[in-house]
Amino acid sequence: MSDRLFGTDGIRGIANTPPMTAEAALKIGRAAGFIFRNAGRPNTFLIGKDTRQSGYMLEYALTAGLCSMGAHVVLVGPLPTPGVSYIMRSLRADAAIMISASHNSYAYNGIKFFGPDGFKIADEVEDEIARLYFDGHELDEFRPTGEHIGTARRVDDAVGRYIEYAKATFPKGMRLDGLKIVCDCANGSAYKVGPYTLTELGAEVVTIANAPNGRNINDNCGSVHPEEMRATVIRERADLGIAFDGDGDRIVMADGDGRLLDGNALLALLAVDQLDRETLPNRAIATTIMANGGLERTVKQHGGSIVWTKVGDRYVVEAMREHGLTLGGEASGHLVMLEHNTTGDALITALQVLATLRRCDQSLKTLASVYQPLPEANASVALNGRPKPSQEQLDGVRAEAEAELNGTGRVIIRPSGTESIIRVMVQHDTLRTAEALARQLAKRIDELAPVKA
């Protein structure tokens with residue numbers, strides 16, 4: 001088990017192996033209950049989950065840990081991650097936990113924390129939870145008894161509350177009548193809110209992957225596997241398709257011809273609309289360094305700019321808050337619209353894209369044509385136990401490559417956060433050039449890594 005405990009998006013692993021065991025979840029719950037305790041009143045935690053079979057085990061273990069520290073727990077059952085963030089704020093809870101491994105297969109599960117403001121907790125808070133998890137002697141000295149032990153209750157209308165909240169972000173008086181939409185729910189937490197919302201707004205909805213059984217989440221469906229969604233759009237002659245991921249914070253769409261639109265394309269479409277309407281704060285969006293250069297070109301052509309961040313949605317949100325932005329996201333389809341929610345929200349993203357279609361009276365294919373991706377090539381350098389080159393060396397290789405491209409492409413070189421490899425990405429108008437340069441850079445980096453003695 002990593003001493004860090006938390007990864008880039010909470011705690012994650014194979015269910016019923018450390019740290020995704022019932023015993024570990026109980027300890028994590030106790031640590032969180034201790035950290036978020038309030039002077040003078042019990043604290044309240046909201047817990048939501050996706051549709052994984054292991055969610056029951058972790059939900060009850062976390063609840064036990066929190067209640068043992070005097071916290072009250074509100075359980076909302078299967079609900080998208082952004083819905084958990086919203087309901088937590090609506091109920092004035094002190095914190096929230098989402099039990100989900102997002103786009104991973106059902107064998108995995110994870111735990112994400114949200115603070116009282118609805119944003120993911122800071123690294124420092126994660127570190128404190130991890131410290132108490134590994135060395136919890138302080139927790140043993142804090143054991144409420146009698147009436148000070150916490151309680152748990154369920155909220156049965158969380159799905160309806162979130163649907164109404166999402167619909168409220170859609171322009172008043174606007175409807176989706178006449179649109180035929182394929183909705184791929186990934187057999188995950190959006191299996192109700194996705195089709196229900198679209199249907200209530202007047203769309204004809206063809207729903208797929210909306211029969212979760214605990215073991216089929218993200219199984220050849222959803223935003224990571226949108227092939228069936230795309231095929232269904234073509235077969236049903238639908239106007240467009242929407243694919244959510246397991247916890248409803250990522251989205252991939254398809255136009256009427258079945259062309260898939262990732263986060264880059266959707267960000268470009270939304271940014272151009274807001275730039276043209278002069279409603280985009282500071283005329284800028286935030287995205288990670290892994291975004292496609294075509295997004296930057298599109299935004300610049302319409303008078304906007306990009307704030308670049310490290311890889312990870314939390315860094316996108318941090319940059320948005322720092323620079324006063326309201327639109328940002330990642331190529332994976334994790335889009336954040338801070339005027340509507342505090343985290344990536346696939347349902348609200350879909351509604352804002354659909355609102356743009358209606359407002360412009362154009363098809364998704366036409367609107368998305370503003371974005372043309374740069375061809376991309378990727379390579380990796382396996383370190384095989386060798387020390388990785390210094391950041392200064394990697395930056396030097398990247399700078400030389402970008403100078404060679406002379407503004408005609410992008411180069412990203414970065415160590416993997418999960419594997420002992422260096423990743424290389426090259427984007428260029430010509431795929432052959434991108435592939436050749438990616439191979440060349442990988443060779444140079446491999447030569448920089450010293451042979452292990």
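P19 is situated in the loop that connects β1 (11-14) with α1, helices (H or I, at least four residues) and strands (E, at least two) being DSSP runs numbered from the N terminus. The peptide bond leading from P18 to P19 is cis, its omega lying near 0 degrees. The model is predicted, so that local features need pLDDT of at least 70 and side-chain atom pairs pLDDT 80 or more, whereas totals for chains, interfaces and linings use all residues. Residues are numbered from 1 along each chain as its sequence is written, and side-chain values use heavy atoms, without hydrogens and water.

Helix α1 (residues 22-35) packs against helix α4 (residues 123-134) at an angle of about 125 degrees, the axes being 9 Å apart. Axes are lines fitted to C-alpha atoms, for helices over the stretch in contact, and angles run from 0 to 180 degrees between N-to-C directions. The contact (heavy atoms within 4.5 Å) involves A24, K27, I28, A31, A32, F34 and I35 of α1 together with V125, E128, I129, L132 and Y133 of α4.

R92 belongs to the loop between α3 (81-90) and β4 (95-99), and N406 to the loop between α14 (391-405) and β17 (409-415). R92 is exposed, with a relative accessible area of 68%; buried means under 20%, exposed over 50%, and partly exposed in between (1.4 Å probe, protein chains only). N406 also counts as exposed, at 64% relative accessibility. T356 in helix α12 (residues 346-360), by contrast, is buried at 2%.
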